[in-house]
Amino acid sequence: MKAIVIDSFGGPEVLRAADVPAPGPGENEVLIEVACTGVNPVDWKIREGMLSGMFPHEFPIIPGWDAAGRVKAVGRNVKGFRDGDRVYAYCRKPKVKDGTYAEFVTMDHAAVAPIPENVGFAEAACIPLAGLTAWQSLFDAAKIGEGDKILIHAGAGGVGSLAIQFAKQAGAKVYTTARTANHAYVTSLGADAAIDYTKESFVEAVRKREPGGIDLVYDAVGGDVQTKSYEVLKEGGRLVSIVNVPSKEEARRYGVEASHVFVTPDGGQLRRIGALLERGAVRPPALEEMRLEEAAGAQKRSQAGHVRGKIVLKVR
Ligand SMILES: NC(=O)c1ccc[n+]([C@@H]2O[C@H](COP(=O)([O-])OP(=O)(O)OC[C@H]3O[C@@H](n4cnc5c(N)ncnc54)[C@H](OP(=O)(O)O)[C@@H]3O)[C@@H](O)[C@H]2O)c1
């Protein structure tokens, strides 16, 4: 099968097209014929070797964790999926080795879900990693609810595009940070107010509108942005980060709770997200489609940090 592989850590130039053996499904696995794969920041972080201490890995590595395509075969313990079914999955496995930048990928059936009929493969490939991250952060960790006021950092990104919509579904009031060029986009997703973080302090912008502080911050940027975010929270507020692990001391100093989320594969939650997509309550992020062979260019764009929505690689 055709695939993109890396033989060592390094810059985008280490990504190369290759012909490699196709995998077969283990007894609990689904073999997916990949139509489209999503590009995520974690892909270039792995390629650079930044996460080599975090994930066991073995070269050559096929990058990529998001797959949308059709079931090609199933293992003998797998029920509920048939050849030809349209499915998507967040394909993170115990070892970084056989990813989704390829014509075929296998994944445990518990992580796989059907793609709603009204969603195409490219749109579906935007959802698993980013959607599960937003879901697990807002609903499982932050326990977002009706009337909560939330600041979502990087609302125009892959995770942010879905987090804004999930927060609105939960009945929250959403502030988000994005450059002015993305304000029409984030408000079209439901954000109540957009703050251009390059032009004004997000702390002042939020405090001006909400002098008593807000309930939640969703941190998809980290560093200084995380540290400053405590200043917009009211006492008893919550900060959830998907970037660096927040300091417990800092959180205690502000009288807030702070936690970190690392997304896990979950086919059940993907079905729930699918139900929202199916009834049009949530729409896929804006997307730009590139060819699988353009993986290096796609990762460079991702690494530059200003993709609106998602980049998707078309495999077939
Ligand atoms: N822990 C986990 O499980 C997990 C899961 C998914 C992602 N992540 C991490 O979370 C981060 C976001 O992921 P993603 O997929 O959403 O990334 P992404 O799609 O690449 O995010 C790009 C967006 O970030 C915005 N942005 C860049 N700098 C910003 C800043 N200083 N303030 C506000 N917005 C800014 C850009 O908007 P503008 O062009 O308007 O600036 C752009 O639209 C990444 O570091 C990723 O690795 C972690």
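Which strand holds L216? L216 sits in β13, residues 214–219. The model shown is predicted: local features need pLDDT of at least 70, side-chain atom pairs count only at pLDDT 80 or more, and totals for chains, interfaces and linings use all residues. Residues are numbered from 1 along each chain as its sequence is written.

View 1. Strands are DSSP runs of E, at least two residues; helices are runs of H or I, at least four; both are numbered from the N terminus. L216 counts as buried because it has 27 C-beta neighbours inside 10 Å. Buried means 20 or more other C-beta atoms within 10 Å of a residue's own, with C-beta atoms placed from the backbone. L216 touches A142, I144, D148, I150, G237 and R238, leaving aside residues up to four places away in sequence. Contact means C-beta atoms, placed from the backbone, within 7 Å. L138 is 78 residues from L216 along the chain, and their C-alpha atoms are separated by 9.4 Å.

**View 2. Helix α10.** This helix spans residues 295–304, and A295, A298, Q299 and S302 are buried in it. Seen down the axis of α10, these buried residues fall within an arc of 95 degrees, so they line one face of the helix. The arc is that of the directions from the helix axis to the C-beta atoms. The buried residues pack against β1 (2–5), β3 (29–39), α1, β16 (287–291) and β17 (310–314). G305 follows α10, with a positive phi near 90 degrees.

Methods. A residue is buried if 20 or more other C-beta atoms lie within 10 Å of its own, exposed if 12 or fewer, and partly exposed in between; C-beta atoms are placed from the backbone. Two residues are in contact if their C-beta atoms, placed from the backbone, lie within 7 Å.
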